[in-house]
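Okay everyone, thanks for coming. Let me put the model up on the screen and then talk you through it.

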Amino acid sequence: MNAFRNASKNGPMNAPINAPINDRPGMDCEEFEAIGLDSRRDSISDECRHRAEQHARVCAKCWALRVSWKAAQTELDALAESNEELMPPARVETRLLQQFRLKHQAQRERRTLKFATWALAAAAVLVCTASVWNWQKWRQGSTGNVPSVTGSSIAEVLKPATSMQSGIQAGSSAEVLLASNDTGDFTQLPGSSALEVEDAAIVRVGMQRASLAAFGLPVNEERASDWIQVDVLVGSDGSPQAVRLPE
Amino acid sequence: MKRKRPDPHEMKIRENDQDEALLRLSAKGDEEAFATLYRKHAGVLYRFALRMTGSAWGAEEIVQDVFMTLIREPAKYDPERGTLPAFLFGIARNKVMKHNERLPREISLVERQEDGTGGGITLRDSFTPAMWAEQRERLEKVRAAVMELPVEFRETVVLCELEELSYEQAAQALDCPIGTIRSRLHRGRALLLAKLEMLRDAPRRWRSAG
């Protein structure tokens, strides 16, 4: 006992773990107490075991310590052997496996739900993208071709030539008046009526500006020979009802 | 009487790899992998907990808690920091401490199998009832001597002497340097020797019967 106490205070326990005590030629009591009792361990080299044996043969105190420890080890071995096969009750494993199944079942369900959510979201995005693309495609197509319009919408966009006439009376040029209608509104031709434009169509035509005079519209003489694009609203009877200058 | 020695280094590495592979599979939901892990490590953890708490139901609870941690948070185990058994011992040790704080220590330790068969003494044909009783009594005394050791020495003695873990494994399990393990083992042995001194002169008829 005393040997243990002394060794614990001053012995090689306080030395670094890898101190080369195994490599020294001899062995003193402190070293014996530190490693001599570990002779069953694989970490102790044969040479070290041999030196511990040699020391125990010449040191009565260490011999007695070794005998005591071997006896204690026998008791401990008996205790360890008596419990070697001791296992927790089977109910522990059953409970744990139940918990394991519960956890992973819940996880699987969560994964499935997550996957379904993502799949739905992806499908929604695809549908939206396709719709937008189709709409844009339709829009591009519609601006390229002049669509036919119904009478009611034409009636809404038509503006009476009286406003234009009042503009003339105010001293503004026809070019300016027509240009002011370039926002997409039609200028109703004199003598036509919005009521007569059911099933009318818009026809884009190229003409010299001077031809506008044939519709009864004022023309700037300086630019009368210019070629311009004009949208003509043609009524169901084939007569022009209104015109506009597209951008 | 002498038991098999601890595995060589290579075998340990292979076992660690195997443990990690099983844990990976278990984390993915492989029940068989989890059951294999449990059967591999539950025994040593249970014995450790039993010897540290002195209570069979306490040990049962501790083992269950350790493996519940493995079920709930398998990612808590970091192979870089040590082996899986060391990780499991670490959790078990914390649970033991909490258990001991919560409840008074039960010195009387009767380790029984689930089927009710007693303290694990293997009956030999040559055993007489007197020998059996004597051996049983001696084992109870050794158990009591181990249980009476201070906790830090007891856990080292249990791991290194009874479960025959290497110093390195014990150091990982108890999360301390190897030098501390050596020191604690040295003192634990000294205390244990003193406690077992009284057994030394007692008759050991059963041993001659083996």
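Predicted model: local features only at pLDDT ≥ 70, side-chain atom pairs only at ≥ 80, totals over all residues.

Residues are numbered from 1 along each chain as its sequence is written, and chains are lettered from A and ligands numbered from 1 in the order in which they are written.

Chain A has eight helices and five strands; these are DSSP runs, H or I of at least four residues for helices and E of at least two for strands, numbered from the N terminus. The order in chain A is α-α-α-α-α-α-β-α-α-β-β-β-β. Of its 247 residues, 22% are buried, meaning 20 or more other C-beta atoms lie within 10 Å of the residue's own, with C-beta atoms placed from the backbone.

Chain B comes to nine helices and zero strands. Here 40% of the 210 residues are buried. Taking contacts in chain B with a separation of 6 or more, 64% join residues 24 or more positions apart; a contact means C-beta atoms, placed from the backbone, within 7 Å. For chain A that share is 60%.

Now, how do H2(B) and H3(B) sit against each other? H2(B) is residues 31-53, H3(B) is residues 56-72, and their axes come within 8 Å and cross at roughly 140°. Axes here are lines fitted to C-alpha atoms, for helices over the stretch in contact, with angles from 0 to 180 degrees between N-to-C directions. That angle makes the pair oblique, which is what's left once you take out under 35 degrees (roughly parallel), over 145 (roughly antiparallel) and 65 to 115 (roughly perpendicular).

Who touches whom? On the H2(B) side we have, among them, Tyr38(B), Leu45(B) and Leu50(B), and on the H3(B) side the list includes Ile62(B), Val66(B) and Phe67(B). The contact residues split into twelve nonpolar, two polar and no charged. Nonpolar is Ala, Val, Leu, Ile, Met, Phe, Trp, Tyr, Cys and Pro; charged is Asp, Glu, Lys and Arg; the others, Gly among them, are polar.

Last stop, H7(B), residues 167-174. Seven of its eight residues are buried, so this helix is largely enclosed by the rest of the structure. The buried ones include Tyr167(B), Gln169(B), Gln172(B) and Leu174(B). Just after H7(B), Asp175(B) has a positive phi of about 55°.

Notes:
Buried ≥ 20, exposed ≤ 12 C-beta atoms within 10 Å, placed from the backbone. Contact = placed C-beta atoms within 7 Å.
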